There are 2 protein chains.
Amino acid sequence: HGRDQTSPFTEKYFPQTLDHFNFNSQGNRTFNQRYLITDRYWLKGHGPLFFYTGNEGDIWDFALNSGFITELAAQQGALVVFAEHRYYGKSLPFGLQSFNVPEVGLLTVEQALADYALLISALRGQLAATRCPVIVFGGSYGGMLSVYMRLRYPNMVAGALAASAPILSTAGLGDPSQFFRDVTDYERLAPRCKDAVRGAFHQLKELAENQDYRRIQEKLSLCKPPSSPEDIYQLNGLLRNAFTLMAMLDYPYSTHFMGNMPANPVKVACETMLRASGLLENLRDTAGIVYNSTGALGCFDLYSLYVQCADPTGCGLGSNSLAWDYQACTEINLCYDSNNETDMFPPMTFGETERNIYCSKRWAVLPRPRWLQTQFWGDALSAASNIIFSNGDLDPWANGGVRKSLSSSLIAVNIPGGAHHLDLRGSNDADPESVIKARKTEADLIAQWVKMERTRLRTPKQ
Amino acid sequence: HGRDQTSPFTEKYFPQTLDHFNFNSQGNRTFNQRYLITDRYWLKGHGPLFFYTGNEGDIWDFALNSGFITELAAQQGALVVFAEHRYYGKSLPFGLQSFNVPEVGLLTVEQALADYALLISALRGQLAATRCPVIVFGGSYGGMLSVYMRLRYPNMVAGALAASAPILSTAGLGDPSQFFRDVTDYERLAPRCKDAVRGAFHQLKELAENQDYRRIQEKLSLCKPPSSPEDIYQLNGLLRNAFTLMAMLDYPYSTHFMGNMPANPVKVACETMLRASGLLENLRDTAGIVYNSTGALGCFDLYSLYVQCADPTGCGLGSNSLAWDYQACTEINLCYDSNNETDMFPPMTFGETERNIYCSKRWAVLPRPRWLQTQFWGDALSAASNIIFSNGDLDPWANGGVRKSLSSSLIAVNIPGGAHHLDLRGSNDADPESVIKARKTEADLIAQWVKMERTRLRTPKQ
């Protein structure tokens with residue numbers, strides 16, 4: 001595809017250990033882990049390695065939507081690597097069988113971290129970069145992985161920029177109502193916007209209670225009329241997800257990251273919700289911003305546009321969504337509810353019980369809600385250092401992360417007017433001052449860490 | 001058995017997760033992990049938890065040979081737990097099938113550390129001890145595990161006393177000739193002692209070259225005459241191992257830890273080697289200090305008294321030796337050679353090639369010599385804190401560990417005249433001043449760590 005024509009990156013594959021934690025499970029099998037690399041900006045053998053800890057998707061999507069990292073590499077003379085997370089993109093250990101039970105069992109955070117550690121070691125060796133400081137970068141779950149890399153391998157990783165990483169809520173340290181309450185922040189544009197959304201969902205509820213499915217189909221341009229409470233639940237999930245995505249991706253310019261988004265989608269949504277036409281028509285058109293950005297769809301198909309999974313904030317579509325569903329069924333806690341009181345959505349509960357039932361049935365697993373907290377310290381992070389936790393206040397994930405600095409080297413960077421890891425994106429004329437300032441702070445801290453680490457790496461061992 | 005009559009410990013079992021790293025491998029199976037606990041000295045809800053990270057053996061053996069920990073608990077009001085390592089003692093996840101392939105695959109350092117983390121969390125919860133600081137203790141491989149617990153879980157573990165932990169050599173950072181060179185330290189008592197040992201092995205070699213197997217049998221009181229070079233190799237291994245054990249366990253009083261040892265066994269060995277009778281008779285009687293301490297054996301059986309394995313320093317006997325062999329075949333690097341130049345033993349090589357061949361055949365695994373170094377930082381430990389690395393200069397393991405302090409909180413404690421983790425043993429009238437001083441240093445540091453951690457645990461989160 002065309003993306004590699006303008007991108008500086010070369011696509012490569014690393015023969016990665018399949019199972020780091022069981023010497024007998026797969027013999028000594030490896031799989032091909034994809035990574036992208038560019039030395040265009042690198043001061044060879046001297047400049048740092050900027051390593052993106054890939055998250056739940058095709059690694060090109062992250063590379064092409066994290067321009068800050070290459071811009072910073074150009075400033076600081078860094079080698080840049082974007083590593084793809086196992087079981088995503090083209091890094092499928094068992095090809096199309098990867099999502100069978102038990103093959104899927106090798107998809108864990110622990111395996112992914114060990115992958116990155118081995119890849120970093122191998123690249124530093126191959127490229128004569130053993131004395132080059134390593135900084136890890138990541139957004140969202142990728143930001144969590146960056147934090148974990150710094151906790152786990154501080155000898156190898158000098159510092160981490162964790163952008164919009166919901167490191168507390170996913171460890172089970174949060175309030176189930178937080179996420180959709182913060183999605184409801186649409187009210188910041190106009191209290192009437194939230195009221196309109198709530199009103200539209202209320203109309204939908206009344207029609208559903210009267211089993212007026214035909215009218216629901218017509219008003220919302222569904223391909224088929226809903227025919228059961230399950231269909232209505234699916235419909236509510238699909239609609240709620242549109243608001244979630246627009247809140248997360250509320251960038252000041254149009255983007256093509258997780259689907260196509262106009263500039264300022266929340267503003268567009270509110271304008272749409274407040275049109276003079278009926279509330280349900282407005283709700284349909286608002287959902288269309290997300291699901292029908294090209295206008296090509298004549299109707300909405302309930303089950304192909306949105307897939308329910310163990311992540312109520314959405315798993316996406318395709319094989320990446322299978323992998324994320326599995327992670328949400330095992331280590332990553334994403335039990336968020338909407339309740340129509342602290343948020344504008346229909347009450348939809350996804351608690352421990354629902355999760356256990358779903359995950360046992362779907363993947364033959366039981367989640368371990370305390371595991372991440374045990375392995376990665378929960379909120380007791382004070383023993384760590386050299387981590388930036390950046391968050392934008394538009395982002396519903398922000399309050400699942402670290403919002404206040406924990407020490408002089410565990411720095412919270414807040415970005416007023418910023419959506420989901422806006423700071424990782426490349427510079428844009430529409431950027432608010434806040435993100436320009438945040439990137440400057442991040443660049444300065446990273447330069448400091450690199451300098452300190454260079455000294456450490458050149459000090460002979462005792 | 002009698003040991004629990006005088007011991008303060010109660011034996012308990014914890015339902016431990018069988019596979020921490022694969023949610024699909026064993027469903028949600030658990031196994032019963034044994035641990036010993038005493039609250040006899042505990043200032044309830046206030047005093048620290050002293051947690052021994054069990055190593056390669058029955059946990060009672062460690063509890064009964066680590067009296068310093070209970071003595072310190074009495075001084076500092078601590079709760080004491082000795083946790084048994086999975087696949088050792090009675091903590092066999094699959095009973096007698098535990099050492100089959102692939103069942104043995106769940107025996108790894110990583111699984112053991114996660115076991116200890118979960119057990120600590122559970123006990124702190126059950127005993128209302130969440131604000132009680134945790135200090136980990138361990139000797140030898142158990143000391144390595146204590147270091148790893150502090151690296152991995154500094155939020156949970158305030159500090160580690162790692163006694164005689166060969167943390168560098170087992171990570172592959174060492175010289176293959178170091179171990180048996182240091183066993184050859186018998187020469188400190190009399191250069192003639194080393195010469196006598198070397199002379200005895202030389203006589204044995206000549207007899208073997210002449211295939212005078214009958215005379216070898218007679219001189220060394222073997223039950224059967226050797227009949228092949230393999231038997232001679234086995235015999236050399238058995239004899240070398242006697243010197244290894246006496247060097248490790250060269251305590252100033254008699255012990256019953258790894259077999260029965262007289263007080264000062266190296267001195268006894270040298271006296272035996274320098275008797276007026278023939279060198280081979282002396283060698284036989286010296287081996288008898290280890291293999292025939294009661295004098296009950298009429299002859300030595302080559303293959304029942306000593307088992308060759310992936311650890312040339314000895315795997316012991318019984319099912320614990322199987323588990324340790326597997327660990328030496330996977331993560332723990334123990335490729336030590338004797339060469340008859342820097343040591344007094346016959347040349348016996350156990351390098352990467354020999355290890356790979358043996359381990360593939362025995363366990364269907366290939367060792368990963370770099371894995372420990374990647375996961376636990378090798379010699380780049382400066383990012384860690386609050387660890388005591390204690391070593392006695394009589395101990396052949398000492399120079400595989402950290403001998404110089406790495407920072408103000410990574411403290412090397414050297415114990416002149418000390419054998420393998422002498423400092424962990426209870427006080428004895430025969431203790432040298434050095435170990436009394438070392439224990440005092442350790443006690444003071446641990447008290448400091450406990451105090452600091454108590455403050456941290458009582459500081460409200462931001």
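Here are a few friendly notes on this predicted model, taken point by point.

1. Start with the sheet in chain B. Eight strands make up an open sheet, and their order is β1-β2-β4-β3-β5-β6-β7-β8, with mixed pairing. At the edges you will find β1 (10-17) and β8 (410-415) of chain B, each of which pairs on one side only. From one strand to the next, the twist averages 20°.

2. Now look at one pair of strands within that sheet. Strand β3 (residues 49-53) of chain B runs parallel to strand β5 (residues 134-139) of chain B, and four bridges join them. Find B:F50 and you will see B:I135 of β5(B) opposite.

3. Helix α4 (residues 109-126) lies across β1, β2 (30-38), β3, β4 (79-83) and β5, at about 115° to β1(B). Helix α5 (residues 141-152) lies across β3, β5, β6 (159-163) and β7 (387-392), at about 150° to β5(B).

4. Next, the nonpolar core. In soluble globular proteins, nonpolar side chains tend to be buried together. The largest nonpolar core here has 318 residues, and A:Y186, A:F243, B:Y186 and B:F243 have the most contacts inside it. Beyond its neighbours within four places in sequence, B:Y186 is in contact with several residues, including B:F243, B:M246, B:V266 and B:M344.

5. Finally, is A:T374 buried or exposed? A:T374 sits in helix α15 (residues 371-376) of chain A. Its relative accessible area is 9%, so A:T374 counts as buried, the cut-off being under 20%. Leaving out residues up to four places away in sequence, A:T374 touches B:A117, B:L118, B:Y153 and B:M156.

Methods:
Residues numbered from 1 in each chain as written. Chains lettered and ligands numbered in written order. Predicted model: local features only at pLDDT ≥ 70, side-chain atom pairs only at ≥ 80, totals over all residues. Heavy atoms only, no water. Helix = DSSP H or I, 4+ residues; strand = E, 2+ residues; numbered from the N terminus. Buried < 20%, exposed > 50% of the residue type's maximum accessible area, 1.4 Å probe, protein only. Contact = heavy atoms within 4.5 Å. Core = buried A, V, L, I, M, F, W, Y, C linked by side-chain atoms within 4.5 Å. Pairing = 2+ DSSP bridges. Axes fitted to C-alpha atoms, helices over the stretch in contact; angles between N-to-C directions.
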